[in-house]
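Trainee: I have a model open and would like to learn how to read it. Where do we begin?

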Amino acid sequence: MAGKKTARVPRVAYEQELLRLQTELVKLQEWVRAEGARLVIVFEGRDAAGKGSTIKRVAEHLNPRQARIVALPKPTERERTQWYFQRYVEHLPAAGEIVLFDRSWYNRAGVEHVMGFCTKEEHQLFLRQCPIFERMLVEEGILLRKYWFSVSDAVQQERFRRRMKDPTRRWKLSPMDLESITRWEAYSRAKDQMLVHTDISEAPWFVVESDDKRRARLNMMAHLLGSVPYYEVPPPVLELPRRPPSTGYERPPRDLQTYVPDHASSL
């Protein structure tokens, strides 16, 4: 698909397929719970590549007690002195859990390396250790899926412009995001080097073309579902109990409580 201009997925078709895939994701979640499986999904890519919106759709109907999103801030002074992978390990799933990493340990291969937040030695050590770390996860029985969201420079810049004008999404823009425009080629070289070292058979990278966000979301979700041998777990049989007869309870007068004003009536 790279370099090919494709028509945008129509909204009606998109919403129908999105709901179908989200329903399957709920089934996947129930399989993870029933089997005691552990699923890790890594979302990486350039700024404004559509990772966050895809994560939102993936997690939208999942049980937050079983499926959680991990988006770590910059490390603390204490964390800077730890083994690099240490703070990510504590967020790995236990049996029956799904963890979605909104950026992950691959920060060191990308932004830290390009922006000079780590030394060349630390970067090289990461590239050597990362495949070993991920093989250990897979050998432990963790299901690891890694997705790289690829966006063109023109589309990225247009998304940045829209974010600057949208007060509800302005928070997504930081000076570092804008800096990525001037360091496009540096990030490209860093990504290529990362793939050379970490695209391993035990935990391969899957590239998601994301100039069309609708298409990217559907493609990623469909691929994830197709990569896990889940099955539909029969739900427990539930019956709505009959409401028992009243025993004389009376609700206190409304004026004894403070209610939220009816703002909706003014619309």
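Mentor: With a charge and a ring. A charge sits over a ring if NZ of Lys or CZ of Arg is within 6 Å of the ring centre and within 35 degrees of the ring normal. Here, the charged end of R46 sits 3.5 Å from the centre of the W184 ring, over that ring. R254 has its charged end over the ring of Y259, at 4.3 Å from the centre.

Trainee: What kind of model is this?

Mentor: This is a predicted model: local features need pLDDT of at least 70, side-chain atom pairs count only at pLDDT 80 or more, and totals for chains, interfaces and linings use all residues. Residues are numbered from 1 along each chain as its sequence is written, and side-chain values use heavy atoms, leaving out hydrogens and water.

Trainee: How many helices and strands are there in the protein chain?

Mentor: Start with the rule. Helices (H or I, at least four residues) and strands (E, at least two) are DSSP runs, numbered from the N terminus. The protein chain has 10 helices and 5 strands.

Trainee: In what order do the strands form the sheet?

Mentor: Two strands pair if DSSP finds at least two bridges between them. The 5 strands form an open sheet in the order 2-3-1-4-5, with parallel pairing. Strand 2 (67–70) and strand 5 (205–209) are the edge strands, each pairing on one side only. Look at strand 1 (residues 38–45) and strand 3 (residues 97–102): they pair in the parallel sense over 6 bridges. In strand 3, F101 stands opposite V42.

Trainee: Which strands does helix 1 lie across?

Mentor: Two ideas first. Contact means heavy atoms within 4.5 Å. Axes are lines fitted to C-alpha atoms, for helices over the stretch in contact, and angles run from 0 to 180 degrees between N-to-C directions. Helix 1 (residues 11–35) lies across strand 1, strand 2, strand 3 and strand 4 (143–150). Helix 1 runs at about 125 degrees to strand 3.

Trainee: How many aromatic pairs are there?

Mentor: A pair of aromatic rings is described by the distance of the centres and the angle of the planes. Rings of Phe, Tyr and Trp (its six-membered ring) pair if their centres lie within 6.5 Å; planes under 30 degrees apart count as stacked, over 60 as edge-to-face and the rest as tilted. By this rule the count is 17 aromatic pairs. Take W83 and F133: their ring centres are 6.1 Å apart and their planes are at 80 degrees, so the pair is edge-to-face. This pair links distant parts of the chain, 50 residues apart: W83 is in the loop between helix 3 (77–80) and helix 4 (86–89), and F133 is in helix 6 (residues 120–139).

Trainee: Is W83 buried, exposed or partly exposed, and why?

Mentor: Buried means under 20% relative accessible area, exposed over 50%, partly exposed in between (1.4 Å probe, protein chains only). W83 has 42% relative accessibility, so W83 counts as partly exposed. F133 has a relative accessible area of 5%, so F133 is buried. W148 and W205 form an edge-to-face pair too, 6.4 Å centre to centre with 85 degrees between the planes. W148 lies in strand 4 and W205 in strand 5, 57 residues apart. Both W148 and W205 are buried.

Trainee: Which residue has a positive phi although it is not a glycine?

Mentor: R103 is one of them, with phi of about 70 degrees. R103 lies in the loop between strand 3 and helix 5 (111–115).
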